[in-house]
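Hi everyone, thanks for coming. Please have the sequence and the 3D view open while I talk, and we'll go through a few residues together.

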Amino acid sequence: MNSQQHIAILGSGNIGLSLAKGLVKAGICKPQQISLTRRNAGALSALSELGYHTTDNNLKAVRKADFVVLAVLPHQLNKLLDEIRPSIKPEKQLLISVVSGVSCGDIRTQLDLNVQIVRAMPNTAIAIGQSMTCIATDNGTPKNINFVRSLFETVGVTIQINEELMTSATALCACGIAFFLRSIRAASQGGTEIGFHAHDALKMAAQTAKGAADLLLQLSSHPEQEIDKVTSPSGCTIAGLNEMEHNGFSSAMIKGIKLSAAKAGDLYHKSEQS
């Protein structure tokens, strides 16, 4: 962004606020170049004191923006789009949607405007700059796609995927945070049962999970390759792994991801019908 450009984040919850802070921290823009909207604008008072523009007026925020981030819940989107339509300038603005289960085509249809839209699906690790964000579009230019990637790379890692996979990305990456947290919680409970204090067990389980993830990311390794390094014939690791598999560990994870993907795909369209 140049010093004259402005970004409006509509629906400044956890994801919107984390993105705003990441952009400023990375030097992409200054607080004065960001408008944050929320129905209760008073909740943003601390950010207002830091120089961000804060308001409950979405129409006003969009009017002066070059980039508009849609960060509301699926059932709130149509009302928001109807509200901001008079301020949208299709030839000058880029819309960036982080709304689950809503395609670029859905947004253009509701607006009845031929505006460029890029979708982004971050997860809650955005709060600590460790999000896995998937990027997709059906009409965004390469320049705009790269711009959106640069925004979200201030708060984690990005990958560009085909738009038809965005609902799947929601299940694997956004819902996936909860799945991995639950597995860490289960491991810590196992640790408590075998003798550790609960706070020690949780710390040990979380750091072990972090180490496992870093092995794969830093070494570009495959899980089974790393598993083979820690399993020995008739050993305790393979015994534990096999017991978990006998009780459906991998199958349960796969089924949960598939069900979440199906549910994510219905969120917006069910809200349209209600």
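Let's start with Asp214, which counts as partly exposed at 25% relative accessibility. Before we go on, keep in mind that this is a predicted model. The partner of Asp214 is Lys210: they form a salt bridge, with the closest N and O atoms 3.4 Å apart. Lys210 is also partly exposed, at 47%. Both sit in helix H8, residues 198–219, and because they are four residues apart, about one helical turn separates them.

Is Glu226 buried or exposed? It is buried, with a relative accessible area of 13%, while Lys229 is exposed at 58%.

Next comes the pair Arg119 and Glu163, whose side chains meet at 3.1 Å, N to O.

Now find strand S8 itself, residues 156–160, and look for Thr158 in it. Thr158 is buried, because its relative accessible area of 8% is under the 20% cut-off. Which side chains does Thr158 reach with polar contacts? There is Arg149, at 3.0 Å, and there is Glu153, at 2.9 Å. Leaving out residues up to four places away in sequence, Thr158 also touches others, including Met132, Ile135 and Phe152.

Phe152 leads us to the nonpolar part of the story. In soluble globular proteins, nonpolar side chains tend to be buried together. In this model, the largest nonpolar core has 28 residues, and those touching the most other members are Ile34, Leu36, Val148 and Phe152. Several elements give two or more residues to this core, among them helix H1, strand S2 and helix H6. The largest share, five residues, comes from H6.

What does Val148 contact beyond its neighbours within four places in sequence? Its contacts are Leu94, Ile96, Val118 and Ile135. And there is a second, separate core of 22 residues, with Leu10, Ala65, Leu81 and Ile88 among them.

Methods
Residues are numbered from 1 along each chain as its sequence is written. This is a predicted model: local features need pLDDT of at least 70, side-chain atom pairs count only at pLDDT 80 or more; totals for chains, interfaces and linings use all residues. Side-chain values use heavy atoms; hydrogens and water are left out. Buried means under 20% relative accessible area, exposed over 50%, partly exposed in between (1.4 Å probe, protein chains only). A polar contact is a pair of N or O atoms within 3.5 Å; within protein, one must be able to donate a hydrogen and the other to accept it, and residues adjacent in sequence count only if both atoms are side-chain atoms. Contact means heavy atoms within 4.5 Å. A nonpolar core is a set of buried Ala, Val, Leu, Ile, Met, Phe, Trp, Tyr and Cys residues joined through side-chain atoms within 4.5 Å. A salt bridge is a side-chain nitrogen of Lys or Arg within 4 Å of a carboxyl oxygen of Asp or Glu.
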